[in-house]
Every structure is written in structure tokens, then in C-alpha cells.
Amino acid sequence: MPTEIAPGIHRLATDYPHVCGLPLWLHVIDAGSELVLLDAGIASTPEAATAPELAKLGLGLADLTLVVNSHAHPDHMGGNAVLKASSGARVAAPAAEVGWLEDNETLLTELWGSDPAALDLSPAERDELLGMLDERVRVDVLLRDGDLLPADRPLRVITTSGHSPGHIAVLDETSRTLFSFDDVQGRGQQFLDGSVWLAPLYTDVERYVGGLSRLLELDFDFLVPSHGDVLNADAGRKRINDSLEWVDDIHSFTRSLLRAKGSLTVRDLAGAIGTEMGDFGGLCLQTVRMARAHLELLARQRGAEPRWHHLS
Ligand SMILES: [Zn+2]
């Protein structure tokens, strides 16, 4: 039975643990004339998990009127097409990420393809991602910082960016429940099978720090991440602070490695972060984007200079 984490807000299980080995929770909010679903899961989630979860509450996919995507990653928007087809619900998502939300090729090229020397998707990996993403649908409601979701309940949009360029958090002002989705990542997260850890993912250090600092300033009683348990205010603030500390640690690590070696590629740094800063399996999307983000910050701070080399 889905847990009611605050009056009118239920936490729904997903099929993501079976598919990708990590927890993922969606939330449905009774907002008067609107039934709001926060995040869509991957393409298979609506039929495999959301429909049966809603049925336990006497509801169905057809009752949804608004689907919110916190950001344009497959596990948060892959279910859009099925949800839209089965309910006609409007889709609301960050205005800043509409290019990724409406076009899979743009997302794959700009997110996974930023550093081909460090990370190159195999055809099988590409197909797997496209399978989780499904067809894209048009975003009906573009969300900006400070907006209220179109619902009879104050659900405030806070742009945090960082984890992805337009990532939003949502604050239910009635119950002081803060949905942080993927923005508060601590020092990473262990896969459910106890194997390697998933490293934090962020594409811009200053935006990530700025977003986390904004969350710290909010009055909330509960912090609700997509991939973990609901935290009370103290535990939530501690996890935000742990996330900030991680960023400082990686920046110091980047500085000292660059000082020791004289020059670094994104690939060098990502490999080092992915093995020396935790059991993250070396090169992966998370460590590659993190490495690029810290090198770019160091360049803005005039502590490093990007170079171009002829390769072939
Ligand atoms: Zn994400």
C-alpha cells in the first residue's frame, strides 16, 4: 500500500529497482481539482508500477490531470508518453530543459556525448537509454523559478539546477514537504545489490552549490528525495551539507591532482575521481560530467587553462 507521507500525498513504488538496481519513488498529490503526479519514471513505469500503485488508492492513470517532470533524465520523464496517452494529463516541466525534454537526440548528444574521449555509448547502451526514454511528448506547462504549479494547493517551484541544467525542487507549502528529486546527492549512493556506488551527478559546480544553498534556506519539515527514504528536517539539512562538503572535497582533489601532474584531461580526472574518491567504477556519466564541471570551474577561477590538441 502506498504510504501517505503527508496529508493528501502518497509515495508510489516503481519498477526501477528491478530494471536499474536503484530505488526510485514517485509521488501523487491530491490538489483539489487536480491529481498531480510528481515525475513519470521510465517508459515501463506507468503500466508496470504506477497503475497498480494508484489502484490500491482507488485511482487509475486516467485520473491524473498533471504530470510534473523535475528534470530531463530518463527515470523522471520516460513515462510521459504512456501517461499522456492514458490520461490526457498536461505535462509540466522546467522551461530551461525543454530542449532535452522534447528531443531524445539532443539529450543523448549533449549529456552523454559531451566528452567522447572519456565516454562513448555503445549501440547497446544507446538502445537501452532510448528504451527507457520512449517517445517524447510536448511540454504543456513551462515552469520557472517561483511559479506555483497550476493546482488548488500551494506547490512552489524552486529552480535548483546543478544536477541537470534546469532541475527543479517542489515545496508543498501546506505540509512543508520539500521534494528535492535528484538534487541532494550527498556523497553518492550504493546500488541495491551492494556492488558499486553511483557517484553524484552535476554539470555545473556553482549552479549545484547555489541550488543546494537555496534548499538550505527553505523552511521544510521533510525532505523527499526520488532515490531514497523521506528525511526529517535535521537529516535533510545534514544531507544537503554532506552534498556541499562533497563538492569542496572534489574541488580540492582536482586542484591537487592538476598541481601534481601539470595537465589533465577530463578522462584522467574522471577516472581518478571514480576510483580514488569512492567505489564508483571509474569512468561513467557521473564522474565524467563531474570532472568536466570542476575543470571548467577551475578555468573560471583562473586556476587552469583549457587546451586543444590535434588527435588524428
Ligand atoms: Zn537525475
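These legends describe close-up views of one predicted model. Residues are numbered from 1 along each chain as its sequence is written, and side-chain values use heavy atoms, with hydrogens and water left out. In this predicted model, local features need pLDDT of at least 70 and side-chain atom pairs count only at pLDDT 80 or more, while totals for chains, interfaces and linings use all residues.

**View 1**
What coordinates the zinc ion? His-71 (NE2), His-73 (ND1), His-163 (NE2) and Asp-182 (OD) do, at 2.2 Å. Donors are N, O and S atoms within 2.8 Å of the metal (3.2 Å for Na, K and Ca); water is not among the atoms, so sites may look incomplete. The angles among the four donor atoms run from 88 to 175 degrees, and the site is irregular. Four donors count as tetrahedral if all angles lie between 85 and 135 degrees; four count as square planar and six as octahedral if opposite donors are over 155 degrees apart and all others between 65 and 115; anything else is irregular. Ideal angles for four tetrahedral donors are 109.5 degrees.

**View 1. Donors along the chain.**
The donor residues of the zinc ion follow the spacing H-x1-H-x89-H-x18-D. His-73 sits in the loop between strand E5 (66-68) and helix H3 (74-77), and Asp-182 in the loop between strand E10 (177-181) and strand E11 (189-190), so this pair ties together parts that are 109 residues apart in sequence. Helices (H or I, at least four residues) and strands (E, at least two) are DSSP runs, numbered from the N terminus. Are His-73 and Asp-182 buried or exposed? Both are buried. Buried means under 20% relative accessible area, exposed over 50%, and partly exposed in between (1.4 Å probe, protein chains only).

**View 2. Two cysteines without a disulfide.**
A disulfide is a covalent bond between the sulfur atoms of two cysteines. Here it is counted as a pair of cysteine sulfur atoms within 2.5 Å. By this rule the count is zero. Cys-20 is in no disulfide, and its nearest cysteine sulfur, that of Cys-284, is 14 Å away. Cys-284 is likewise in no disulfide. Cys-20 is partly exposed, at 21% relative accessibility. Cys-284 is buried, at 17%.

**View 3. The largest nonpolar core.**
A nonpolar core is a set of buried Ala, Val, Leu, Ile, Met, Phe, Trp, Tyr and Cys residues joined through side-chain atoms within 4.5 Å. The largest one has 71 residues. Which members touch the most others? They are Leu-64, Trp-112, Leu-178, Tyr-202, Phe-220, Ile-240 and Leu-269. Helix H9 (residues 233-261) gives the largest share, nine residues. Domain 1 (3-245) and domain 2 (250-300) both give residues to this core, so it lies between them. Another core, of 21 residues, lies apart from it; among its members are Ile-9, Leu-66, Val-170 and Val-224.

**View 4. The two domains.**
The domain assignment of the chain gives domain 1 (3-245) and domain 2 (250-300). Such bounds come from an automatic or database domain assignment. The C-alpha centres of the two domains lie 26 Å apart. In all, 21 residues of domain 1 are in contact with 20 residues of domain 2. Contact means heavy atoms within 4.5 Å.

Where is Ala-89? Its place is the loop between helix H4 (80-87) and strand E6 (90-94). Ala-89 is buried, at 2% relative accessibility. Leaving aside neighbours within four places in sequence, Ala-89 contacts residues including Leu-64, Thr-65 and Asp-140.

**View 5. Val-137 in its loop.**
Val-137 is in the loop between helix H7 (123-133) and strand E7 (141-143). Val-137 is buried, at 15% relative accessibility. Not counting residues up to four places away in sequence, Val-137 touches Asn-80, Ala-81, Val-91, Leu-101 and Glu-102.

**View 6. Two residues with positive phi.**
Most residues other than glycine have a negative phi. Asp-39 is not a glycine, yet has a positive phi of about 75 degrees. Asp-39 lies in the loop between strand E4 (34-38) and helix H2 (45-55), and is buried with a relative accessible area of 1%. Phe-181, also not a glycine, has a positive phi of about 50 degrees. Phe-181 lies in strand E10 and is buried, at 4% relative accessibility.
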